[in-house]
Structures are given as structure tokens and as C-alpha cells.
Amino acid sequence: MFIALFSIQVMAQDIPNGDFVTWEHRSIPAAFGGGTYARPTDGWDCLNSLAPGSCEKVEGRTTGSTAALLTTKKISVPVSDMGDFYTSVLMLGDFLTAFTEGEPNFGIPFTDQPRKFSFWYKYIPVTGDKGRVHISFWSGDRKDPKARWRKGITFTETVNEWTQVVVDLTEYDEDKNKLDFTPTSMCIEITSSLSSMSDHTHSEDLSNVKQEGSQLYITDLAFEYHVAPAITAVSVTSMVNGEVVVENLPNTSTKVQETTPITALQVQYWQASTEGDVTSVQMDYCLTLDGTTPTSDDWKTLQATKQSDGLWVYDGPSLNLLSGLESNTAYRLEYLFYTNYDETAQSHAYYPTSHQGFVLKFTTGEIPTSIESLQAVESQSTSGVHYNLQGQEVGSDYKGIVIVNGRKIVNK
């Protein structure tokens with residue numbers, strides 16, 4: 001029986017107006033010239049107030065879709081003695097505050113931890129120019145190097161066709177920081193020509209091209225979030241005292257006391273159905289004398305391989321659990337399954353979800369020696385009974401993996 005796990009889907013923050021479909025006309029204070037300029041809505045601002053036409057709404061990657069086009073223009077800042085700039089900048093924030101507070105207001109409130117940032121772009125630069133998309137997250141003080149994560153993607157070559165860029169936000173940034181904190185703000189800054197008007201720049205970053213005309217098209221900015229992993233079902237095929245046993249395990253810890261002495265116990269095959277971001281699935285098991293306390297060294301692992309999306313399979317070699325055990329002795333077997341063993345604890349999913357494993361208590365019978373086991377297999381070889389991985393008896397013409405006398409073979 002397959003048992004579904006229920007999860008609560010929390011609405012994650014995405015990039016507002018990431019396809020630049022909606023625009024507005026914003027008023028410029030009379031003290032700074034008056035009038036209006038066009039900009040994308042939902043927290044975006046651009047330099048159209050200083051260089052009309054430097055940022056425009058254009059057709060996107062497909063008919064009927066939209067994008068922003070940044071075209072480098074000569075820009076003179078009325079409250080600055082820094083001279084002229086050749087650039088176009090589009091960012092999440094507010095440029096007009098620079099007229100009253102000395103610098104733009106960078107970023108928007110943001111409290112999530114996405115794992116990937118993606119966008120589509122085209123770039124047609126004048127010779128020697130550089131464009132860039134820069135993303136940053138911070139908590140509290142934007143300039144605190146210990147409480148921020150930032151990364152820039154710089155363009156120097158002509159790209160005439162729409163091209164996607166995917167940025168892994170789980171990696172270390174340019175300051176060797178990780179996005180392992182909860183931010184308070186996030187900013188994306190896009191520029192067709194890197195200049196000192198851009199945030200987080202050094203002299204070696206700048207293009208130093210004093211020429212108009214570079215064009216950067218951009219659209220479909222989006223975040224991708226970690227989808228919590230889950231194991232939704234587990235099935236185990238084993239050989240117990242010469243019989244194939246298939247168990248569809250419940251998502252609850254169970255304890256079983258086997259009354260029949262066990263003389264042969266092998267795990268032949270197991271599979272796990274999964275959901276979400278799963279990079280590995282394994283079975284951890286511990287076999288100890290009954291009544292003793294297991295140590296970390298007693299735990300061992302069977303690693304599954306990915307068969308397809310959402311299906312992980314362990315297909316051998318068969319695990320002989322009685323190897324090295326004493327005859328006529330009481331033992332305790334505990335096992336459970338979990339995902340993403342090489343990642344942080346937040347990425348793990350357990351089966352059962354209680355983290356409490358399945359427990360089998362049993363007593364061994366007279367365990368045959370390896371020679372006796374071989375003779376027993378050979379003596380049974382004339383039986384010709386075939387089982388599929390679900391433990392069902394099948395004919396000798398069955399195609400696929402079958403179990404015959406405790407061994408898996410492939411019928412083609």
C-alpha cells in the first residue's frame with residue numbers, strides 16, 4: 001500500500017514583475033525638473049528620469065511576451081560633480097532618493113532563501129563594453145560584509161539570440177559568503193554598460209567606454225526554491241527461509257517479533273518513491289544482539305540509484321544479513337530510509353517520517369555454513385520456480401529481473 005505524505009505549500013517570494021509586463025509613468029519632483037518618466041512597476045526603477053529612452057518595454061522571447069531593453073546613453077547627474085556617465089541601469093529600488101539623500105534606495109524587502117536565480121538576455125555591446133546583472137541579499141546593513149550575499153554576471157560578448165542564465169545561490173559568493181541566513185532585503189541591478197553609477201563596482205570592473213549604443217535585453221527573471229524532499233512509499237523484497245517476501249512498508253514505525261527461527265535472511269531489492277528535491281536515497285540498518293545498545297559503528301548503509309524521476313532502486317548485490325551470526329541466538333534488526341545524506345539536515349526526509357525505524361526481533365535457527373548453503377541452492381535448482389520482484393510466481397518465459405533459488409537473474 002502506498003502512503004502519501006501531506007505537505008503544506010508556503011508561498012515563496014518571487015521576483016516582482018520579472019517579465020516587465022507592467023509599466024507606469026512616475027512624476028519627477030518640480031525641484032528636479034518636473035515631468036514624468038516610464039519605469040516598470042512593482043519596485044523597479046531606471047534612469048529614464050535622466051536619459052529618456054534608456055529603458056523601454058519591448059517584445060520578449062515569444063510573440064506577445066515582454067522584456068526590458070536597456071540602451072546605453074549619456075547621462076548627466078544634476079546633483080553630482082562626477083561628470084557624465086554612459087550607461088543605462090534598471091534595478092529594484094528607487095533612484096530619485098539620490099537627489100534628496102545622496103544615493104539611491106537599494107532593494108526591496110525580502111525574507112526568503114531561493115536556491116537559484118535565472119533570467120533570459122541578449123546583449124549587443126559597442127566594442128569593449130561590459131554589461132552586468134548583479135544580485136544581492138543582505139540582513140540589516142547592506143554594506144556589512146558578514147551579513148550579505150552578492151554575485152554579478154558580467155557580459156562582454158555579443159549574444160544575438162535569447163540565452164538563459166541560471167545562477168546557483170547555494171554556492172559561495174564573491175566574498176566567500178553563503179546565503180545561509182534569513183535576509184531582510186534583496187536587490188537586482190541590471191546595466192548595459194558598467195559604470196561607477198552601478199553598485200558594488202571596482203575600477204577594474206568598469207568598461208570605461210564613453211560611447212552610447214550598447215543594448216541589453218532582459219526578461220523572465222525568476223527564483224527557484226528548494227522543494228522539500230519526501231519519501232512517499234517504500235517496498236522491500238527479501239528472501240526469508242527460502243521464500244520470497246515483498247513488503248510495502250507503512251509510514252509508521254513498526255516492531256515485529258518473529259516466532260519462527262530464521263536460517264536465511266537476504267535483502268534482494270528495495271525501491272523508494274520520492275517527491276521534491278532528492279539527490280540520494282539510502283537504507284540504514286543496524287543488526288545487533290537483542291538487548292544490547294547499538295553504537296554508531298553498528299549502522300551500515302545500502303545506497304539506492306536513481307531509476308527515474310521520483311523512483312530510487314537498490315538492486316543488489318543481495319545482502320546476507322545472517323552472515324557471521326551465531327545459530328540459536330536472539331537478534332534485533334532496525335532499519336529506516338532517508339534522503340540527501342550528503343546535504344544539510346534541513347534537506348533530509350525520513351521514512352518513517354518519525355525518524356523511528358522498523359524493528360524486527362528474531363532468533364536464528366541452525367545457520368548453514370557457506371558450503372551447506374551452496375549445496376542447498378544446488379539441490380533446489382531443479383525446482384524451476386521463478387518470482388518477479390513483487391514476490392509473485394511467474395513463468396520461465398517472464399521477461400525482466402526474476403528471482404530463482406534466492407538469486408536474481410535477468411531473462412531477456
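1. Two strands pair if DSSP finds at least two bridges between them, and strands themselves (E, at least two residues) are DSSP runs, as are helices (H or I, at least four residues), numbered from the N terminus. In the hairpin of E23 and E24, two residues stand between the strands, and Gly310 takes a positive phi near 85 degrees.

2. A word on the basis of this note: the model is predicted, so that local features need pLDDT of at least 70 and side-chain atom pairs count only at pLDDT 80 or more, while totals for chains, interfaces and linings use all residues. Residues are numbered from 1 along each chain as its sequence is written, and side-chain values use heavy atoms, with hydrogens and water left out.

3. Strand E23 (residues 305–308) pairs with E24 in the antiparallel sense over three bridges, and Thr305 has Val313 as its bridge partner in E24. Strand E24 (residues 311–314) also pairs with strand E20 (residues 265–275), again in the antiparallel sense but over four bridges, and here Tyr314 is the bridge partner of Trp270.

4. Asp173, in the loop between strand E14 (159–168) and strand E15 (185–191), counts as buried because its relative accessibility is 4%; buried means under 20% relative accessible area, exposed over 50%, and partly exposed in between (1.4 Å probe, protein chains only). Leaving aside neighbours within four places in sequence, Asp173 is in contact (heavy atoms within 4.5 Å) with Arg148, Trp149 and Arg150. The side chain of Asp173 reaches the backbone nitrogen of Arg150 at 3.0 Å and the backbone nitrogen of Asn177 at 2.6 Å.

5. The whole structure holds 17 salt bridges, each being a side-chain nitrogen of Lys or Arg within 4 Å of a carboxyl oxygen of Asp or Glu. In one of them, the closest N and O atoms of Arg115 and Glu224 are 2.9 Å apart. Arg115 lies in the loop between strand E10 (108–109) and strand E11 (116–124), and Glu224 in strand E16 (residues 215–224), so this pair ties together parts that are 109 residues apart in sequence.

6. Which residues does a network of salt bridges link? The members are Glu24, Arg26, Arg39, Asp45 and Asp94.

How values were computed:
A polar contact is a pair of N or O atoms within 3.5 Å; within protein, one must be able to donate a hydrogen and the other to accept it, and residues adjacent in sequence count only if both atoms are side-chain atoms.
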